[in-house]
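Please consult the sequence and structure shown below while reading.

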Amino acid sequence: MTVASTPELEADRQYLIALIQDEAVFHGDFTLSSGKKATYYVDMRKLTLDHRAAPSIGRIMLDLIRDVPDIVAVGGLTLGADPIANAIMHESARTPRPLDAFVVRKEPKDHGRGRQVEGADVAGKRVVVVEDTSTTGQSALKAVEVLRREGAEPVAVAVIVDRKTGAQAAVEAEGLQWLAAIDLDDLGLEPQ
């Protein structure tokens, strides 16, 4: 289990855990993006786009990545990573180490500059990929693949909720650090 670095940040984390339990965990029959079946679904977009949760998410995730050296930007595969990266960017602006944000498109644009990574210039830079939840790690790894192709150096994947279903192993197998702010034990849920 992860614990935040200060009592104030841990209070933020506990607040977010309560919000997730109350408003973002749905029980029923679900198919995850990985194709796997589940009896509950953690819908973090409900909270990453919510004014009550976004500031806490920014502070908690910024704290989670605080020891990753020399990173300059955070982001990931659109759409799930976008509000997280923006929350981190806004919170980091108040620190001595501000971070920029980037968005990885699923496909390169077919017009304009034809970019697949928007926002911060990532070429030659150390970056962290963020996600709301992860089951297999494939969304994060797709972002990592695109970032590497663009010349970036992804060094870690940081998720709000770790479903404990193999994503960590897949990410670490690619030589990346795995960081999770909240896991299923925190939410009182069993891995599926």
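## Packing of H3 and H4

At what angle do H3 and H4 pack, and how far apart are their axes? The angle is about 75 degrees, and the axes lie 8 Å apart. H3 is therefore roughly perpendicular to H4 (65 to 115 degrees counts as roughly perpendicular, under 35 as roughly parallel, over 145 as roughly antiparallel and the rest as oblique). Axes are lines fitted to C-alpha atoms, for helices over the stretch in contact, and angles run from 0 to 180 degrees between N-to-C directions. Helices (H or I, at least four residues) and strands (E, at least two) are DSSP runs, numbered from the N terminus.

From H3, the contact (heavy atoms within 4.5 Å) involves Ala54, Pro55, Ile57, Gly58, Arg59, Met61 and Leu62, and from H4 it involves Ile84, Ala87, Ile88, Glu91 and Ser92. These comprise eight nonpolar, two polar and two charged residues (Ala, Val, Leu, Ile, Met, Phe, Trp, Tyr, Cys and Pro count as nonpolar, Asp, Glu, Lys and Arg as charged, and the others, Gly among them, as polar).

## Basis of the model

The model is predicted: local features need pLDDT of at least 70, side-chain atom pairs count only at pLDDT 80 or more, and totals for chains, interfaces and linings use all residues. Residues are numbered from 1 along each chain as its sequence is written, and side-chain values use heavy atoms, with hydrogens and water left out.

## Packing of H1 and H3

Helix H1 (residues 7-23) packs against helix H3 (residues 54-64) at about 125 degrees, with the axes 9 Å apart; the two are therefore oblique to each other. Leu9, Asp12, Arg13, Tyr15 and Leu16 of H1 meet Ser56, Ile57, Arg59, Ile60 and Asp63 of H3. This contact of H1 with H3 has five nonpolar, one polar and four charged residues.

## Lining of the largest pocket

Strand E2 (37-42), strand E3 (71-77), strand E6 (126-134) and helix H5 (138-149) each contribute at least two residues to the lining of the largest pocket. E6 gives the most, with six residues. By class, the lining has eleven nonpolar, twelve polar and six charged residues.

## Backbone features

Most residues other than glycine have a negative phi, and most peptide bonds are trans. Asp70, in the loop between H3 and E3, has a positive phi near 60 degrees. The peptide bond from Thr78 to Leu79 is cis, with omega near 20 degrees. Leu79 belongs to the loop between E3 and helix H4 (82-92).
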